[in-house]
Amino acid sequence: MSEATAGTGPDDDRVEDLQNRLATETQIRAQLVDLAVRLNSTLNLDELLQLIMASAADLLDAETSSLMLLEEESDELVIEVATGDVGDSVAKTRIPAGAGIAGWTLANRQAAVIDDPESDDRFFSDVAEAVGFETRNLIAVPLLAKDRAVGVVEVINKRDPGGFTPRDVEVAQALAALAAIAIDNASLYAQLADAVVTARMSYRL
């Protein structure tokens with residue numbers, strides 16, 4: 001059999017696999033850098049969070065993602081951003097802060113990877129059932145701002161049948177860190193704006 005007609009061997013398959021992994025990793029790093037740059041170019045928090053969560057679903061090849069923030073007055077997690085087909089349906093939904101995998105992640109400040117949520121005692125199915133959404137697997141990571149757990153990022157339903165990987169958790173944590181920076185910057189900007197208004201009012205008095 002000539003070289004031109006010979007089939008590919010194991011070594012060729014390994015090379016191709018490594019090339020695919022490298023291309024994926026390059027894409028992830030480029031998108032994270034792009035998001036980090038955008039954090040310094042706008043203070044539009046809603047726009048940034050939408051962008052970050054859309055990137056979470058894209059980079060992790062998942063059906064949807066959501067970001068929940070803790071509302072301390074009511075002790076509830078509020079879904080601030082949700083992507084995918086059910087995004088609009090679940091936005092602003094409130095969940096008891098101690099409920100579900102998100103509540104566990106918030107309290108323990110630990111990432112959770114769940115391959116079969118229905119069999120997990122921590123799973124809070126009310127929201128998914130209300131919109132007719134099946135949760136097959138998920139990653140939940142705490143959203144940390146200045147060492148405080150202020151919310152949770154969830155990435156739901158990996159399209160690959162193999163489920164989420166440890167690398168997926170690392171990417172989700174990186175995106176959560178970017179979201180935390182955006183939230184912190186917006187908070188600082190709001191405080192500065194309030195201080196300027198207060199100073200101007202005092203000057204007029």
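Guide: Arg148 and Glu72 form a salt bridge through their side chains, with 3.6 Å from N to O; the term requires a side-chain nitrogen of Lys or Arg within 4 Å of a carboxyl oxygen of Asp or Glu. Since Arg148 belongs to strand β6 (residues 148-158) and Glu72 to the loop between β1 (62-71) and β2 (76-82), the pair ties together parts that are 76 residues apart in sequence. Helices (H or I, at least four residues) and strands (E, at least two) are DSSP runs, numbered from the N terminus. Glu72 is exposed, with a relative accessible area of 57%, whereas Arg148, at 45%, counts as partly exposed. In this scheme, buried means under 20% relative accessible area, exposed over 50%, and partly exposed in between (1.4 Å probe, protein chains only).

The model is a predicted one, in which local features need pLDDT of at least 70 and side-chain atom pairs count only at pLDDT 80 or more, while totals for chains, interfaces and linings use all residues. Residues are numbered from 1 along each chain as its sequence is written, and side-chain values use heavy atoms, with hydrogens and water left out.

The loop that holds Glu72 also holds Asp75. Asp75 is not a glycine, yet its phi is positive, about 55°; with a relative accessible area of 49%, Asp75 is partly exposed. The strand of Arg148, β6, likewise contains a residue with such a backbone angle: Asn157, which is not a glycine but has a positive phi of about 65°. Asn157 counts as buried, at 0% relative accessibility.

A search of the whole structure finds twelve salt bridges. One of them joins Arg122 and Asp120, whose closest N and O atoms are 2.9 Å apart. Arg122 is partly exposed at 27% relative accessibility, and Asp120 is buried at 18%. Salt bridges with shared partners also link Glu25, Arg29, Arg167 and Glu170 into one network.

A further pair lies within a helix. Arg14 and Asp11 meet through their side chains in a salt bridge of 2.2 Å, N to O. Both residues are in helix α1, three residues apart, about one turn of the helix, and both are exposed.

Helix α1 (residues 10-39) has 30 residues and reaches 44 Å from its first C-alpha to its last, close to the 44 Å expected at 1.5 Å a residue; the expected span is 1.5 Å times one less than the number of residues. The buried residues in α1 include Ile28, Gln31, Leu32, Leu35 and Leu39.

Two packed helices are described by the angle between their axes and the distance between the axes. The axes of α1 and α2 come within 11 Å and cross at roughly 175°. Such axes are lines fitted to C-alpha atoms, for helices over the stretch in contact, with angles running from 0 to 180 degrees between N-to-C directions. The two helices are therefore roughly antiparallel to each other; angles under 35 degrees count as roughly parallel, over 145 as roughly antiparallel, 65 to 115 as roughly perpendicular and the rest as oblique.

In the contact (heavy atoms within 4.5 Å), Gln27, Ile28, Gln31, Leu35, Arg38 and Leu39 of α1 meet Leu48, Leu51, Ile52, Ser55, Asp58 and Leu59 of α2. By class, the contact of α1 with α2 comprises seven nonpolar, three polar and two charged residues. Here Ala, Val, Leu, Ile, Met, Phe, Trp, Tyr, Cys and Pro count as nonpolar, Asp, Glu, Lys and Arg as charged, and the others, Gly among them, as polar.

Helix α2 (residues 45-59) has 15 residues and reaches 21 Å from its first C-alpha to its last, close to the expected 21 Å. Its buried residues are Leu48, Leu49, Ile52, Met53, Ser55, Ala56, Ala57 and Leu59. Ala56 has 1% relative accessibility and so counts as buried. Leaving aside residues up to four places away in sequence, Ala56 touches Ser65, Val155 and Leu175. Between Ala56 and Leu32 there are 10.0 Å in space, C-alpha to C-alpha, for a separation of 24 residues in sequence. Just after α2, Asp61 takes a positive phi of about 50°.
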